[in-house]
Amino acid sequence: MTAHQKMDKADSRNRLDDMVQGLVGSPMDRPDGPLKVSGRATYAHEWDVPDMLYGVLVRATISKGRVTDVASSYLIGKNGVRAVITDDRLLRRPAQGGADEAPPQGSKQVDYFGQPIALVVADSFEQARHGANILAVSYEAEGNAAFDPEAADTETDQPEDDQLDQGDLDQAMTDAAFTVDQVYRTPGHNSAAMEPHCAIASWDGDKLTLRGSYQMLNFNINELADALHIVPDNIRMLSPYVGGGFGSKLGISPEAVSAAIAAKEIGQPVCVALSRPQVFETTMRRSETRQHVRLACGEDGVLTGIGHECLVSNLPGESFYEPVTQATHFMYGGKHRKLGIEVARINRTCGGSVRAPGEAVGMQVLENAMDELAEAAGIDPVELRRRNVPDRHPEQDIPYSSRRFIEALDEGAIIFEWDKRNKMPGSLREGDWLIGHGMAGAARVNILSEAKAKVTLLADGSAVVETDMTDIGTGTYAILTQIAGEMLGLPADKIETKLGDSDLPSGPGSGGSWGAASTGSAVFLACEDIRKAIAKKLGIDEADLRLAEGKAGRGDTAQPITEVLDGTPISAIGHIEPGQTLEEMQQATYGSYFAEVAVNAVTGETRVKRMLGVFGAGRILNEKTATSQCYGGMIWGIGSALTEELVFDNRDGHIVNHDLAEYHIPVNLDVPQIEVVLLEERDEWASPIQAKGIGELGICGAAAAVTNAIYNATGIRIRDYPATLDKLLADLPGG
Amino acid sequence: MKPFTYARATDRADAIAQGGNATYIAGGTNLLDLMKLEVMAPDKLVDINRLDLAEISGTDDGALRIGALVTNSDCAADTRVRQDYPVLSRAILAGASGQLRNKATTGGNLCQRTRCYYFYDMAIPCNKREPGSGCQAMQGFNRIHAILGASDACIATYPGDMAVAMTALDAQIQIEGADGETRLVPIQEFHLLPGDHPEKDNILAAGELITGVILPPPVEGKQIYRKVRDRASYAFALCSLAAVVEMDGETIASAALAFGGLAHKPWRDPDVEALLVGEKPSADLFGKAADQLLADAQGYGSNDFKIPLTKRVLISVLKEATDKGAAA
């Protein structure tokens, strides 16, 4: 049985609300949690594969040119070294999310400093690493590399699809009562997932099993097959546990292909794990951005124009660019609009998706500019935003689906006691600390992707959920279990959810916040089909069927589900497809952030004292895991605001701070107790479970609340992120 | 990691006998990282963890001896250290993480190497790693680099906290040599400025072993450790200051000021201290002290901010140290 639904129209049945098991929405613990904290969840590097060898990638130490010689003969056969792989199929760059085909291959050409150019394989990891450290490589460097995205002679291009010139923004700026016209800059970021990338490849004849840490197996299998020149049917990928991805594992990266090639060539399984510096250098970076924002409004604070023109960067030939203006298109009104993106082509590590590509940095800056406009217009920042929520999409003239932005603003202001804040910048001091408050809006586009999942109700009254969907630490195991349990009237411990196996029915994986709503809908549809089959057996309407605690019936006449099944399991595949509702309605998630900071008047050190996020993201499937996602996003926001910055040496483009000692993600002491409030919401245009994505919403503007608070504390506008102390020092009063 | 041999020393004589052409390992919190990268590639490691050097003990003349193998955690938590040398306890706790402090030792921490990004990247030339190859930090990204005492060859800093506090406390380092003799070296003479030989961090000769650190008898006065860094914890100092300041009525009786994050060694400037002693605290005086300290300071671009930062930190700490109302 296959239950198929295409979202061509709203699904306002809200069927999950008719169910009585009480699992969906509840703050259920993750079933995989105890496995993870006790070391029983097998991550990519932890599989016990017999006869396994270890490979370590070798990095290019030039920025552009060709590898002319790899002197491997003196290494092989000594100190455990088994092979040095320089195959033409080695990946030069990681695959972009959803590529579905191999990224650029052939490691003889060097596009950036740190690019993988060879793999040294040895009996032990230590031997392989030493071999990689001492491998002698000769190069022919090309002198025309570009490293600085803003240099006058750096080539740029403008993606056609991302240029908007509506009305006359210049005129709107001239006519406006109040304007903001500022340039902001955000630095590059690395995903810095806790688990570094790793792959273990084993061949059985022509059949490859690849155990790795990946987010989107459905696409990864095709990328891998294409890279290896084999058919996808000959590959099985296993990623049951992924220790964080944040976009860096959307596509395959160099370790996957090199492990597979080496294992085939040597005839033994090969494990290739990236070191932390290699994660920084050879997986995706978020591009730095330069954002020119112009805002024009009347006396009433209502926007008449918005300009958001951005410069980002990537390697030549990459189609991905940081979609900085993604939410600017629909967030606020204003008739006159000029939005554009320009891509500088430079020889730095590949640019790609890092948590909430676009909004993470675009909303951050737009919400800074809104704060500046609020001050210019003398209007409360919350009120300014309320006044600029458009009725219809300001460019496409389509309606919005469920949107709880104003509620998030109002509720946040009440909880945070926004009205009690000090409104005069730089005038609230406790000892050496200047205290300030700031807020920002949140928005992230919503995406539904095609997904399939199989659900089987077994004769013993338990159920199995199967899909190639991944759990990247987000709670997929929990929420799919909850949806199936809710629909089938089973407690969570009667449901086994199997994920991360490419042999299972395929979904879109985890990324872009689409995983829960997409695969969750597929599970929902499969369960709905099973319910119909049960109802049929009972001779009743599915609408009247009550399934709870392993019993089936209507009203009070329930009988054990095992009796109804009578030895015959029921299985169904659910299949969801996005449809017209994505085109006809502007779908997004919204929220608000409020932050209190203390800035040291002597040293410029900033500490976030409290932070609140209020979010609306459709139906919340699990209050605990959804809240945790928001915590995580807001912590990223603190990092973006205060410390995180990829530093490149513009003489050769290498990443200077390529480890967690000097790439400063927030530590415990940087993060106060964060409060997250999830608004009750159903979005019937988004999915048959009325849920939207929530994985990235927490970061989409969060940093702006912090820097707006820094302004309130000090009177200093940070327009060049992150707000490290050196940028504040000169204008601070001192002790 | 380059293949190496490993031996476990049974006692000090054994360690020193084996140490001539080897590298000692205790906690290994810095050494192992450097060996994985092959920034350091010793042929032989001599493990000194079994040596009898993990005691903190009082001496007859009222000093406190901290054995070289006392962990940072134990040292910071020791009642005598907390009571008589609180600046040391605070400095240690301002560094690294609980896990690292549990492993890191007193002797090892003195030998901690710089965190210069270019020193850690084997693909980049570095005079400290490979003498004569050049310094890329000078024209590159140098946020954490020196503003005092640097040379044309190297602008790296000593990154630690513990030694900064020990410098303010006039600690002496016990070093045992191949001849079995122990010499006492004032901590200010232990670390070296880079000069023409940035590869040499300190005065230890081949085979010499740090056996302990002597803290002189407790002194009066306020003890303050102020550390400024890019995040609230788990980051190296951009500027740190260990201060031991004693007042005599209205005037400053003594001031020991040691700075971290500014130079290739914990930095102490006798002229600055002399300028303060015997004077009444004032904003003017503190400003003069800061100007004296920073008279020869030089920034290299991304670390220029350390000059005004250090001035602010010094003035602020002196204010706190000489403020009768504030608790030490």
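## A pair in chain B

With a relative accessibility of 13%, B:Asp78 is classed as buried (buried means under 20% relative accessible area, exposed over 50%, and partly exposed in between, with a 1.4 Å probe and protein chains only). Its partner in a salt bridge is B:Arg80, the closest N and O atoms being 3.0 Å apart, where a salt bridge is a side-chain nitrogen of Lys or Arg within 4 Å of a carboxyl oxygen of Asp or Glu. B:Arg80 is partly exposed, at a relative accessible area of 36%.

## Basis of the values

The model is predicted, so that local features need pLDDT of at least 70 and side-chain atom pairs count only at pLDDT 80 or more, while totals for chains, interfaces and linings use all residues. Residues are numbered from 1 along each chain as its sequence is written, chains are lettered from A and ligands numbered from 1 in the order in which they are written, and side-chain values use heavy atoms, with hydrogens and water left out.

## Buried pairs and a network

A second pair in chain B is formed by B:Arg268 and B:Glu273, whose side chains meet in a salt bridge at 2.9 Å, N to O. B:Arg268 is buried at a relative accessible area of 17%, and B:Glu273 is buried at 10%. In chain A, salt bridges with shared partners link A:Arg15, A:Asp18, A:Arg531 and A:Glu542 into one network.

A:Asp371 and A:Arg717 also form a salt bridge, with the closest N and O atoms 2.9 Å apart. Because A:Asp371 lies in helix 8 (residues 359-377) and A:Arg717 in the segment after helix 16 (702-714), both of chain A, the pair ties together parts that are 346 residues apart in sequence; helices here are DSSP runs of H or I with at least four residues, numbered from the N terminus. Both A:Asp371 and A:Arg717 are buried.

## Overall count

Over all chains, the count comes to 67 salt bridges.

Terms used
Helices (H or I, at least four residues) and strands (E, at least two) are DSSP runs, numbered from the N terminus.
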